[in-house]
Each structure stands twice: as structure tokens, then as C-alpha cells.
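I opened this model to look up its nonpolar cores and one of its helices. My entries follow.

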Amino acid sequence: LSMLGNIMLFLMLIGVGIVAFAGKGEKKFIEEVIQDGPRTARIAIVSINGIIDEQQAREVYYQLKEAREDKSVKALIIRVNSPGGTLSGSDQIHNEIAKYREETNQPTVAFMQGVAASGGYYSSVACNEIIAEPTAITGSIGVIMQYLVLQQLLEEKLGIQPIIIKAGSKKDWPNLFQKPTDEQLQYMHERIIDPAYNRFVKVVVDGRTSLTEADVRRLADGSIYWADKALEEKLIDDIGYLKDAIEKAKSLANVKHAQVIEYRKPFSLADILSAKTDVSLKFDRRTLYDVAVPQALYLWTGPQ
């Protein structure tokens with residue numbers, strides 16, 4: 001090896017050793033102070049950002065764990081900028097926030113930025129109060145499931161004939177290789193869409209005490225709402241910015257002065273060493289499953 005190659009190899013080995021050592025006790029999130037104040041009274045900001053899935057739910061869990069273990073935390077702000085995502089991920093986040101409130105008896109304020117729709121709204125209603133920026137988009141209470149029917153492409157264009165062997169007449173419903181019948185569509189509504197929709201409605205009714213079930217069902221047609229309209233319909237409690245959410249959290253916690261922190265992912269040598277320049281598509285069984293299997297989603301599919 002050349003001298004430069006030896007140096008690079010030496011540095012990489014040191015880096016691997018440091019990462020392996022640090023990984024044992026490394027925190028999943030670090031604290032960033034965004035507003036000075038007494039360390040004995042803190043407001044913690046937990047972020048929900050981007051598409052909600054099981055990984056996002058785990059990240060929220062660990063952020064809440066950090067806050068729960070910090071006895072100086074007096075209130076939470078859940079910062080939401082998400083169009084929603086999976087049913088499971090949205091429900092897990094809602095459950096974790098509700099559990100945190102119950103166990104700590106601390107107030108939580110949802111702060112909506114950009115988009116906080118569908119699963120983003122589902123997560124937000126677990127909080128005591130909801131504040132949205134003036135330009136925030138929220139609502140989209142509903143469920144969506146969409147998939148491609150590949151029958152004509154495979155059979156007529158490519159000459160491929162899918163073979164399905166099954167036991168149980170409904171085992172392959174829905175089927176990517178056949179256009180769904182009215183019976184199949186009704187079945188998917190009854191078994192997937194309707195239960196998911198009814199749960200969304202219940203979660204909003206339970207979280208928004210100012211709304212009746214009739215109110216929620218009237219609003220739950222998938223419509224999105226600009227912040228002022230959401231306030232008018234009582235989907236949120238106020239319009240403001242982060243400073244307003246902080247003041248609300250302090251007021252609910254009966255704290256006059258507080259240090260405000262936000263949880264951020266730490267950057268480590270592992271991020272450098274694991275970086276890949278190869279962006280080629282990996283098509284394995286997991287990828288095939290994610291692409292091919294239809295999913296019901298609490299997701300707003302509009303422009304982001």
C-alpha cells in the first residue's frame with residue numbers, strides 16, 4: 001500500500017474502534033438548547049417530521065423516553081410537520097404521547113408546521129392543546145388505500161401469466177393481477193377501510209372534547225384545512241408560532257421561566273463510515289413486499 005493508503009486505512013480502523021466503543025452507551029438523541037432558562041425547569045420539544053412509519057414511531061418513543069427520564073422536564077411540545085403515513089405508525093405515536101401524559105401528568109402542546117395532516121393530525125390530537133402556524137395545512141381525516149392492477153400489462157404486453165395457488169377464496173384479496181370485483185371492493189371497505197376510518201374518528205372525538213362525533217364525521221371526509229379554517233372548525237385551539245407554543249406549554253405547566261430544549265439525532269463517525277456512494281436499487285423480497293402489497297394509510301397524498 002502507498003503511504004496515503006496506509007494513513008487512510010489507519011484512520012478508518014481508529015474510526016471503527018471509536019464507533020464501536022461509543023455505540024455501547026451512546027444516546028439515540030442529544031439535547032439542543034433553543035431558549036435559555038433555568039435548568040431546573042425545562043420544556044422539551046419532540047419532533048415528528050416526514051412520513052410516519054414504524055421507524056418514525058420508534059424515534060418518537062426514544063425522544064419521549066429521554067424526556068421521561070429528565071425530571072426537570074415540566075411540559076412537552078410535539079412539533080409536527082408530516083402528511084401522515086401508516087396506520088400502525090400513527091397509532092403508535094398517538095399511544096406513546098397519551099401514555100406519556102398519563103404517566104407524567106405533564107401538559108403537551110402539539111405545534112403544527114407546514115403540513116400536519118391525516119396521520120400527522122391523528123398524532124396531534126393526543127396532546128392537551130394544538131397550535132398551528134398561520135400557513136399550516138391540517139385535517140385530511142380519512143383513510144386511503146391504492147394499488148396498481150398489472151393484469152393487462154403482464155398478460156397482453158409482456159406475455160406473462162400469473163399463477164395463484166390458494167386455499168380460501170378471499171386469500172388473495174386484493175390481487176394485483178386481477179381487476180377487483182364489486183364484492184372484493186366491498187370486502188376491503190368492510191375489513192380494512194371502515195375500521196381504520198372509525199378508529200380515526202374515535203381518536204379525534206376523544207382528543208377534541210369541543211367536538212361531537214357528528215361534528216367529526218362531518219369534517220372527516222378527507223378535506224384539508226388551512227389554519228384559520230381549522231380553528232373555526234375547532235380542529236385546533238390557536239394559531240401562532242413556536243414562541244406561542246412555548247408560552248402555552250409554560251402556562252399549562254404553571255412555569256414562568258424555563259429552558260427549552262429540542263432532541264436531535266447525534267452525528268457520529270458511523271454516519272461517515274456507513275455512507276454509500278452506490279445508489280443502485282436493491283430489489284429483494286422486502287422491497288417486493290413493500291411495493292406489491294396494498295396498504296391502508298392515514299396519509300394526505302397532496303403536494304408537499
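**Cores**

I looked up the largest nonpolar core and found 49 residues, with Leu-76, Ile-78, Met-112, Tyr-121, Leu-235 and Tyr-263 having the most contacts inside it. Such a core is a set of buried Ala, Val, Leu, Ile, Met, Phe, Trp, Tyr and Cys residues joined through side-chain atoms within 4.5 Å. Helix 6 (residues 182-207) gives the largest share of this core, 7 residues. A second, separate core has 15 residues, including Ile-77, Ile-131, Val-255 and Val-260.

This is a predicted model, where local features need pLDDT of at least 70, side-chain atom pairs count only at pLDDT 80 or more, and totals for chains, interfaces and linings use all residues. Residues are numbered from 1 along each chain as its sequence is written, and side-chain values use heavy atoms, with hydrogens and water left out.

I then listed what Leu-76 touches (heavy atoms within 4.5 Å). Leaving out residues up to four places away in sequence, the list is Ala-44, Val-46, Leu-64, Ala-67, Tyr-100, Pro-107, Thr-108 and Val-109.

**Helix 9**

Helices (H or I, at least four residues) and strands (E, at least two) are DSSP runs, numbered from the N terminus. In helix 9, I found Leu-242, Ala-245, Ile-246, Ala-249 and Lys-250 buried. They lie on the same side of helix 9 because they cover an arc of only 135° around the axis, taken from the directions from the helix axis to the C-beta atoms. On the other side, Lys-243 and Ser-251 are exposed. Buried means under 20% relative accessible area, exposed over 50%, partly exposed in between (1.4 Å probe, protein chains only). I noted that Asn-254, which follows helix 9, has a positive phi, near 60°.
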